[in-house]
Amino acid sequence: LIASPSLTFLDEPTAGLDSFHADKVVRALKNLTERGHTIIAVIHQPSGNVFNMFDDLLLLSEGRQIYHGEAKSLQSYLSRLGQPCPSWVTAGEHALNLISVNHESSVTEEGSHKLIDELANEFERKFAIKYRITDKAGAPSQTVKPHGPESSLLEQVKLLFARSWREISRNKGANIIKAVQQVSTALIYGSIYSFSNKQSSIQDRFGLCSLVAIGNTNLAIASTIRSFPKEKAIVMNDRSKNLYRALPYFASKVLSEVPLSAALSCLFGGILYPMVGFQKDINKFLSFMLINVVHSLSSSAVGLMLGAISPSSEVALAMLPPIVVLQIIFNGFNIAEENTPKLLAALPKMSVVRWGFEGLALNELRGLELICDFPKYRQAACVATGEEALARVSSAFEKSSIEKTVKAQLAILAFCYFQTVRVLSSSGPKYMEMKTPLPS
């Protein structure tokens, strides 16, 4: 009861209690049902007050159903069967008198069994279709498989999107903190970096592009990986009630979160780009914003996948450092792709940091003209264009393009989304098939 379960089974909760305390216990259970809980209890010898607090009743005797329906309808049901309840006896006591076996003598015992069989046969005759009772006692009944949600996929997406958007809108404190993080990070970078066309700006441009890619990745994965495992537990509980499927839930979650994530990325880029002195070109600026948004979304997708496969937030957070470290190592700047160990050859292609950094670097350095401010004895080391600077850093830049880096990040995003939905679907509610036992 401390965990506030939606369904509770109780075996004789009033056993050993006097009528006063039994009434108190059942009344407390009744209060729980009024708050949306379902209570299933086995009870013997209920008083009139206790019996009247039950909504539905399943009456059993000798392993057979005698009655199943509303508790308040029991008295009229027995009256229709020729077993009216005396005025001085409660309905519960009367039912127990009818279905109990009197062992005083063989005659009374035989009469009790005969009455029980008559009542059970009458119930089965009237309600065989409704309760799927078989013609032969002990024969296994047809297994009733759990049905899916009543609403269509489109209706599920619509309702879940409204719920998710409402939660995001109400969570103003977290949204403000995220906005402050983006603004403060952009201001810190902007107060440190100031680009010119000198040779020394090449290192600064590469360094800032790398920092932006790493920072966005770390922030997006960390924020998602902390919250999603907890949200996943709620989703599993909802899906156990067949409220919705995994795909509509995930689609609505993505659709509701993408606008906020894109807006925060644009806020960051809109402040950073003019402050540091990136190339003053509207197309370059728009490409920077696009790369930044796609990079943020793909990093969040990685966080969602890690959160989905992790059983708890603690496990997800433990996975974060090695994942981010590997992303940084194989970002195309710290180690040349051709020098990557063969066993790890796929990691550079799976690194969102690599594709984010590569896209930002290509966007900033291509088309950049540089002046040579080195002394005469070092002027041979000067590069005249950003393309030459890119070629000196890595041969991969010569074969790459902004379009390629965006497509690579979208591919990572699609893969992570697919895996997240697959994990959510496969870890959904499981049901045990219940069958009537065969006769011994």
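I took a disulfide to be a pair of cysteine sulfur atoms within 2.5 Å. The model I am reading is predicted, so I noted that local features need pLDDT of at least 70, that side-chain atom pairs count only at pLDDT 80 or more, and that totals for chains, interfaces and linings use all residues. Residues are numbered from 1 along each chain as its sequence is written, and side-chain values use heavy atoms, with hydrogens and water left out.

**Entry 1: cysteines**

I looked for disulfides and the count came to 1. C372 is joined to C382, with 1.9 Å from S to S. I placed both cysteines in the loop between helix 13 (352-365) and helix 14 (386-393), 10 residues apart. Helices here are DSSP runs (H or I, at least four residues), numbered from the N terminus. I looked up the hand next: the torsion about the S-S bond of C372 and C382 is about 60°, so this disulfide is right-handed.

Then I checked accessibility. I call a residue buried under 20% relative accessible area, exposed over 50%, and partly exposed in between (1.4 Å probe, protein chains only). C372 is partly exposed at 37%, while C382 is buried at 14%. C85 is buried, also with a value of 14%. C209 is in no disulfide, and the nearest cysteine sulfur, that of C266, is 17 Å away. C209 is buried, with 2% relative accessibility.

**Entry 2: helix 4**

Which residues of helix 4 are buried? In this helix, residues 91-99, I listed A91, G92, H94, A95, L98 and I99. Seen down the axis of helix 4, these buried residues fall within an arc of 165° (taken from the directions from the helix axis to the C-beta atoms), so they line one face of the helix. As background, an α-helix has 3.6 residues a turn, so residues three or four places apart point the same way.

**Entry 3: helix 8 with helix 13**

Helix 8 (residues 200-240) packs with helix 13 at an angle of about 145°, and their axes are 9 Å apart. For such values, axes are lines fitted to C-alpha atoms, for helices over the stretch in contact, and angles run from 0 to 180 degrees between N-to-C directions.

**Entry 4: helix 9 with helix 16**

Helix 9 (residues 246-276) and helix 16 (residues 402-426) pack at about 140°, with axes 9 Å apart. That makes helix 9 oblique to helix 16 (under 35 degrees is roughly parallel, over 145 roughly antiparallel, 65 to 115 roughly perpendicular, and the rest oblique). This crossing is right-handed. Helix 9 makes the contact through A246, L247, Y249, F250 and V254, and helix 16 through Y417, T420, V421, L424 and S425.

**Entry 5: two residues of helix 16**

Is Q409 buried or exposed? Q409, in helix 16, is buried at 0% relative accessibility. Leaving aside neighbours within four places in sequence, I found Q409 in contact with I291, V294, H295, S298, V352, W355 and G356.

K404 also lies in helix 16, but K404 is partly exposed, at 40%. Not counting residues up to four places away in sequence, K404 touches W355 and K399. K404 and W355 are 49 residues apart in sequence and 8.7 Å apart in space, C-alpha to C-alpha.

Definitions and conventions. A crossing is left-handed if the near helix is turned anticlockwise from the far one by less than a right angle, and right-handed if clockwise. Contact means heavy atoms within 4.5 Å.
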